[in-house]
Amino acid sequence: MSVATWVNETLVRDKSERRIFAVLGLITVLLVVGVVTGVVGLSFLLFQVSLVGMYALLSLGLNVQWGYAGLINFSVAAFWGLGAYCAALLTAPNSPLGLGLHPVFGFLAAIVVSALVAILIGIPTLRLREDYLAIASLGLAEVIRLIILNERQWTAGSSGISGIPALIPWLPLTRLATTASVVVVLGVLIYLFLRRTHRSPWGRVLRTIRSDEDLAKALGKDTYQFKMQAFVIGSVIMAIAGAFYAHLNLYLDPSDLVPLTTFYIWIAVILGGTGSNRGAVVGAAVVIAIREGTRFINDVPAIGSLGLDVAPLRLLFVGVLIILIMRYRQDGLLPPKDELIWPAAKDKASAPSGGSPKPQTGGDD
Amino acid sequence: MSGDVYEGAHLGKADAVLKTVGLEKAFGGLVATDDVSIEVERGTITGMIGPNGAGKSTLFNLISGFYELDEGRVMVNGDDVTELEPHERARKGLVRTFQTPRRLEGMSVREAMLVGPGPQAGESVFSLFFSGDEVTREERANIKQARELLERFEIGHLIDQPSTDLSGGQLKLVELARAFTTNPDILLLDEPVAGVNPTLANDIKRFIRELNEEGQTFLIIEHDMPFIMDLADPIIVLDQGKVLMEGTPDEVRTDDRVIEAYLGGAGP
């Protein structure tokens with residue numbers, strides 16, 4: 001009950017959203033019941049939770065870039081891969097570097113390397129029109145993938161890296177439970193970080209840039225700097241997600257860096273509601289549900305009896321879902337509702353302006 | 001028209017907030033701005049008129065730094081800003097509005113107003129986490145200022161509205177109010193009443209005059225002749241990228257060259 005109250009007070013903004021959260025709550029309950037009754041394997045569920053967490057991180061990262069600032073980044077998979085390879089190369093004892101360091105160093109390296117790459121790609125493109133970043137990032141993704149594939153002496157190439165250590169092995173939990181907990185903690189921390197930055201003058205300038213960059217410039221905002229910050233923050237979050245994946249899967253090879261991941265993340269952000277952190281998380285969960293859920297769809301007797309292999313059609317389902325969303329809920333499942341105003345300043349300063357016709361933007365803050 | 005018709009603007013003003021020297025800009029073969037030197041005296045509402053294609057908007061873009069100059073210099077308060085980016089010029093006190101303001105999607109009027117003041121502590125990610133109190137203090141002051149300004153412009157009731165719901169005229173008012181929150185030395189308004197109904201246009205005129213009486217300097221492009229003639233003094237007339245003349249509204253109204261420029265140079 002208290003969970004429901006908390007969700008209702010902090011996450012739900014209007015009636016239609018209450019329905020969406022109710023459905024999400026129902027699914028959660030069903031999954032828990034499934035685990036208790038043994039229909040759903042616990043380790044399977046924990047692995048899925050970890051995947052959702054990782055996708056949520058990626059979506060949150062892209063949301064900073066595309067949702068806040070309007071930056072079109074088509075190299076989500078590449079930044080994720082950079083993070084994953086940083087973690088794998090530094091921590092796996094049998095990687096080409098053979099260092100076997102503590103996972104903390106892998107995460108730190110992921111952050112530093114992705115920030116540097118983001119700055120390098122941002123310097124020539126962020127001063128230009130938005131489409132140049134799109135083109136450059138599309139190229140960057142392939143360049144990074146091909147470098148990792150071909151520079152065998154550094155990256156082990158297509159044979160991949162195995163023997164990546166698990167996270168926090170001394171916790172009295174199963175490996176997957178630990179991993180799932182780690183991603184949940186990471187997700188919550190990053191979510192809180194982003195929420196604070198979003199509902200602030202900083203987030204407001206980014207949204208202005210997204211709508212009308214010239215206006216932001218005319219008001220004295222150094223739009224290049226703001227775009228660079230958003231791009232770097234988003235890319236670093238993606239790399240953290242990648243570093244986490246290395247420790248989730250314990251094995252990594254360049255085929256994980258295919259552009260498909262990038263587009264799944266774009267779909268998650270758009271489904272969830274561009275510019276909304278809540279939406280990015282929910283969108284990530286929906287995409288994983290479709291991606292992983294369709295594996296089992298042939299096991300449903302009614303579909304199995306059709307004599308049709310439905311599972312490989314999952315991309316089709318994603319497409320249909322997008323069409324439905326765009327038709328019936330154009331702004332996504334949980335579009336941004338909050339005013340981007342520093343919450344601490346809002347309570348006292350804006351409350352007396354009551355009697356306004358539409359206080360709907362208020363939310364909880 | 002022969003070259004000597006172009007008298008140029010009045011130069012050598014005592015206290016010029018804005019000064020341009022020999023601005024030149026060509027797009028391919030078309031010379032859009034040709035040796036434009038103007039000065040805007042502190043405390044005035046200086047108007048800028050000229051027939052379509054005279055190069056008024058180009059001149060605004062050159063002054064505010066959105067177009068790159070081929071030749072010439074721009075000075076604000078005596079400082080050379082020619083090499084500066086648009087946002088740096090804005091911080092020097094030269095702030096402009098746009099002819100067709102875009103609506104800030106997903107933002108309330110309050111948020112749209114709060115983008116103006118700057119630089120704010122809360123615009124640095126670092127301050128958000130390490131000097132939250134300062135951010136809160138500034139934000140409160142800015143919200144207060146925004147509300148007072150909107151109330152003064154008689155659109156206080158719109159503060160919670162999504163800015164996408166405003167009419168064109170209301171949007172122009174919000175733009176003017178927001179530009180004013182940057183605390184500019186000179187405000188460049190690009191057609192402040194284009195597409196605005198006459199009642200609201202009169203309001204806008206009144207507010208501009210009020211701000212001016214408190215010391216705000218304006219440079220205003222406007223096509224609406226009664227509006228600009230009533231509001232501005234002096235008025236600079238552009239024609240074919242050059243400064244035709246500068247004078248009081250009466251001088252401009254009765255000047256043969258101005259009439260000829262507007263009628264398309266059909267005379268002898």
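**Figure 1. Secondary structure and overall form of chain B.** In this predicted model, chain B contains ten helices and eleven strands. Helices (H or I, at least four residues) and strands (E, at least two) are DSSP runs, numbered from the N terminus. Chain B has a radius of gyration of 19 Å, close to the 18 Å that the globule rule gives for 268 residues, so it is as compact as a globular protein of that length. The radius is taken over C-alpha atoms, and the rule is 2.2 Å times the number of residues to the power 0.38. Along the principal axes, the C-alpha atoms of chain B fill a box of roughly 70 × 40 × 35 Å. Of the 268 residues in chain B, 49% are buried, a term that requires 20 or more other C-beta atoms within 10 Å of the residue's own, with C-beta atoms placed from the backbone. Residues are numbered from 1 along each chain as its sequence is written, while chains are lettered from A and ligands numbered from 1 in the order in which they are written. Local features need pLDDT of at least 70 and side-chain atom pairs count only at pLDDT 80 or more, whereas totals for chains, interfaces and linings use all residues.

Figure 2. Strand β1 (residues 16–27) of chain B is joined to strand β2 (residues 30–36) of chain B by four bridges, and the two run antiparallel. Strands pair if DSSP finds at least two bridges between them. Within this pair, Ala26(B) stands opposite Val31(B). β1(B) and β2(B) form a hairpin with two residues between them, and Gly28(B) in the turn has a positive phi of about 60°. Strand β5 (residues 71–76) of chain B is also antiparallel to β1(B), with five bridges; here Val21(B) has Arg73(B) as its bridge partner. A further antiparallel partner of β1(B) is strand β3 (residues 39–41) of chain B, joined by three bridges, where Ala16(B) lies opposite Glu41(B).

**Figure 3. The six-stranded open sheet of chain B.** The strands follow the order β7-β8-β9-β4-β10-β11 in chain B, with mixed pairing. The edge strands are β7 and β11 (242–247) of chain B, each of which pairs on one side only. On average, neighbouring strands of this sheet are turned by 20° against each other, direction ignored; the axes are lines fitted to C-alpha atoms, and angles run from 0 to 180 degrees between N-to-C directions. Three bridges connect β7(B) with strand β8 (residues 186–190) of chain B in the parallel sense. Arg96(B) has Leu188(B) in β8(B) as its bridge partner.

**Figure 4. The side of chain B that touches chain A.** Here 38 residues of chain B are in contact with 37 residues of chain A, contact meaning that the C-beta atoms, placed from the backbone, lie within 7 Å. The elements of chain B giving two or more residues to this side are α2 (86–91), β7 (94–96), α3 (109–114), α4 (125–130) and α5 (132–152). Of these, α5(B) gives the most, with eight residues.

Figure 5. Chain A contains 16 helices and zero strands. Its C-alpha atoms fill a box of roughly 65 × 50 × 45 Å, taken along the principal axes. Of the 365 residues of chain A, 47% count as buried. Among contacts in chain A between residues at least 6 apart in sequence, 76% join residues at least 24 apart.

Terms used: Buried ≥ 20, exposed ≤ 12 C-beta atoms within 10 Å, placed from the backbone. Contact = placed C-beta atoms within 7 Å.
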